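Let's take a walk through a protein together, from its overall make-up down to a few individual atoms. Have a look at the picture first, then read on.

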Amino acid sequence: MTTHGDPATRSGAPAVAARTDPPDAAEEPPATTGDDSLPGALSGLREAIGATRYPLALPSANSARHSATALTDQLDDYLLPRLARLDAPLLVVVGGSTGAGKSTLVNSLVKARVSAAGVLRPTTRSPVLVCNPSDAAWFRQGDLLPGLTRTTEPSDDPRALHLVTAPALPAGLAFLDAPDIDSVVDANRALATQLLAAADLWLFVTTAARYADAVPWELLRSARARGAVIAMVLDRVPAEATDEIAAHLTEMLAEQDLGRAPLFVLPETWVDGQGLLPEGVTAPLADWFARLAADVDARAAVVRQTLDGALAALHPAVEDLADAADEQLAAADGLDERVRAAYRGAERTVEQGLQDGRLLRGEVLARWQEFVGTGELFRTLEARIGRLRDRVVAAVTGRPAPAAELRNAIESQLVTLLRGVASEAAESAYTGWKAHPAGAGLLDPALAHPSADLPERAERMVRDWQRGVLELVRVEGGDKRFVARTAAYAVNATGLAVMIAVFASTAFIPTGLELATGAGTTVAAQAVLQAIFGDQAVRTLAAKARTDLLDRVRTLLGAEADRFLSRTADARPAEDAGDGLRRAAGRVELARHRSGLSAADEEGSR
Ligand SMILES: Nc1nc2c(ncn2[C@@H]2O[C@H](COP(=O)(O)OP(=O)(O)OP(=O)(O)O)[C@@H](O)[C@H]2O)c(=O)[nH]1
Ligand SMILES: [Mg+2]
């Protein structure tokens with residue numbers, strides 16, 4: 001094996017990255033009364049991340065969901081337990097393409113067949129952690145990677161962590177043989193990424209055949225961005241191509257700003273009967289790790305650099321989450337507005353319908369004319385219009401009282417109007433949501449129509465309103481001169497007149513009355529109605545009845561709109577979720593700088 005580049009820097013103890021400047025005082029988040037220690041700030045951040053969801057199908061949502069999971073995992077798997085035990089053994093996670101020889105390399109470094117190597121791809125499905133027996137207790141207790149169940153036997157379960165000890169491995173250092181990062185098996189890929197986020201040091205294994213593959217470079221770039229300490233192994237290099245390939249890979253590493261990562265080039269060789277590489281081949285790598293294990297300061301520097309890098313990377317990642325949360329909120333508001341606009345339109349149509357006399361057509365008008373024509377109305381009125389009544393009584397036919405029919409006609413006219421506007425509003429809200437990517441995902445076909453029980457509820461609502469109008473007449477009109485105080489039918493008749501007045505609130509006299517049968521009746525009816533509707537008391541009652549009707553309509557339509565709004569309410573993050581995330585990340589950033597984790601901070605404090 002050869003070590004490429006200047007051995008003094010390339011394979012020496014990994015250099016520690018320059019620190020980033022502490023945040024400006026102006027950017028500092030407001031002081032909180034909470035725990036401002038680094039673990040306290042991290043727990044707060046974990047809580048803020050856990051409390052925010054991204055259910056609306058926006059372009060940013062998918063990556064936010066993944067990132068939130070990855071950040072939570074990294075906090076649990078690595079950052080919190082590592083901070084709690086800075087002196088715990090250094091964890092080297094061995095990652096790379098399938099079949100690159102990762103398991104073979106780990107086995108060879110610890111001089112034992114601890115992880116199965118094989119010809120079938122991928123071979124490693126369940127991670128294997130190997131450490132010196134004296135470090136086993138720390139890894140077994142499960143603070144690190146707490147989601148993985150410790151096993152003492154090999155397993156294929158990706159949620160299991162097979163713990164093995166190897167006396168040949170120096171204390172203070174552990175290897176974790178991970179599944180392949182570019183796996184055809186989804187679970188492998190996800191687990192490998194999760195494991196790498198829990199590494200103090202990433203040992204990337206690639207081969208002469210695979211080193212230019214895209215996936216490893218993507219991961220390497222993100223590791224670089226996090227400031228993780230990385231070492232590279234170029235495995236199975238044919239002797240004749242060593243210089244050329246090593247030079248090319250060195251160039252690629254420099255291009256990706258990874259020029260400082262030590263690179264170990266291992267020649268193609270035979271594995272022995274145990275599946276291990278010859279000691280001569282692994283010696284430089286084994287020596288490098290032995291030196292690292294023996295040097296407490298170098299080990300601590302690696303831990304600090306990776307830890308500080310991972311902590312520093314939280315801030316931009318959480319900023320992205322906060323933006324995604326804000327987008328969720330804005331999208332939910334936008335969707336709500338489409339629904340509100342649709343149902344506001346429905347309310348307006350009803351209001352207009354009450355003003356423009358359109359409700360006084362057909363059945364209602366016919367029944368009203370009948371009601372007036374039979375004299376039922378007149379009979380119930382007294383005093384001022386009593387004289388008029390006397391004059392028209394002669395013209396009145398002897399047909400049965402049609403008050404009930406009028407009342408029913410009013411009811412069905414209103415219900416028809418309400419069904420119509422509710423239909424239009426549902427359709428408009430549905431179409432509005434369908435055109436929005438986040439809205440389409442919340443819809444189900446039933447929402448395109450009013451609720452199934454809307455007609456029933458509308459009928460009940462109108463009947464309640466009618467009862468309310470009668471109650472109003474009874475209470476407020478009880479001592480008015482045109483209502484016979486003792487006669488229930490007078491209340492009834494006045495109530496119906498008030499309802500009609502509601503339907504014709506701009507013109508006191510319902511249109512079309514001239515169509516009433518019999519010229520005498522018409523004239524009389526006009527006169528009586530002028531007397532009634534011209535009366536301030538009736539106008540006041542009608543205004544109240546109208547307000548009451550519109551309130552009830554609003555409630556009815558509100559319940560219709562809620563079918564939509566409850567869906568965004570379920571999806572919507574808390575109003576200040578984005579800012580909560582930003583504040584939590586700001587507290588972590590502040591605590592990180594105070595902690596003196598990064599080398600320069602530490603130097604400054606010494
Ligand atoms: N000849 C030769 N064979 C090797 C070498 N390294 C690994 N192999 C063989 O290549 C195959 C794959 O090696 P593994 O160690 O299982 O590879 P891996 O990276 O762990 O693979 P996954 O677990 O699937 O990701 C095995 O059959 C090894 O015996 C080497 O340097 N020389
Ligand atoms: Mg393997």
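This is a predicted model: local features need pLDDT of at least 70, side-chain atom pairs count only at pLDDT 80 or more; totals for chains, interfaces and linings use all residues.

**A guided tour**

Residues are numbered from 1 along each chain as its sequence is written, chains are lettered from A and ligands numbered from 1 in the order in which they are written, and side-chain values use heavy atoms, with hydrogens and water left out.

Of the 606 residues in the protein, 52% are buried. Buried means under 20% relative accessible area, while exposed means over 50% and partly exposed is in between (1.4 Å probe, protein chains only).

Now find the magnesium ion, ligand 2. Its protein donors are S103, through OG, and T124, through OG1, at 2.0 to 2.1 Å. Donors are N, O and S atoms within 2.8 Å of the metal (3.2 Å for Na, K and Ca), and water is not among the atoms, so sites may look incomplete. S103 sits in helix α4 (residues 102-110) and T124 in the loop between α4 and β3 (128-131), so the pair ties together parts 21 residues apart in sequence. Are these two buried or exposed? Both S103 and T124 are buried.

Next comes ligand 1. It is surrounded by 21 residues, and the closest are K102, T104, T123, T124 and T269; to count, a residue needs a heavy atom within 4 Å of the ligand. One oxygen atom of ligand 1 is 2.6 Å from an N or O atom in the T104 side chain, and a polar side-chain atom of R236 lies 3.2 Å from an oxygen atom of the ligand. Taken alone, ligand 1 exposes 650 Å², and the protein buries 90% of that. Such accessible areas come from the Shrake-Rupley method with a 1.4 Å probe; for residues, only the protein chains shown count as cover.

Finally, look at S451, in the loop between α15 (437-440) and α16. S451 has a relative accessible area of 15%, so it is buried. Leaving aside neighbours within four places in sequence, S451 is in contact (heavy atoms within 4.5 Å) with R457, E560 and R563. R457 is also one of the buried residues of α16.

Key:
Helices (H or I, at least four residues) and strands (E, at least two) are DSSP runs, numbered from the N terminus. A polar contact is a pair of N or O atoms within 3.5 Å; within protein, one must be able to donate a hydrogen and the other to accept it, and residues adjacent in sequence count only if both atoms are side-chain atoms.
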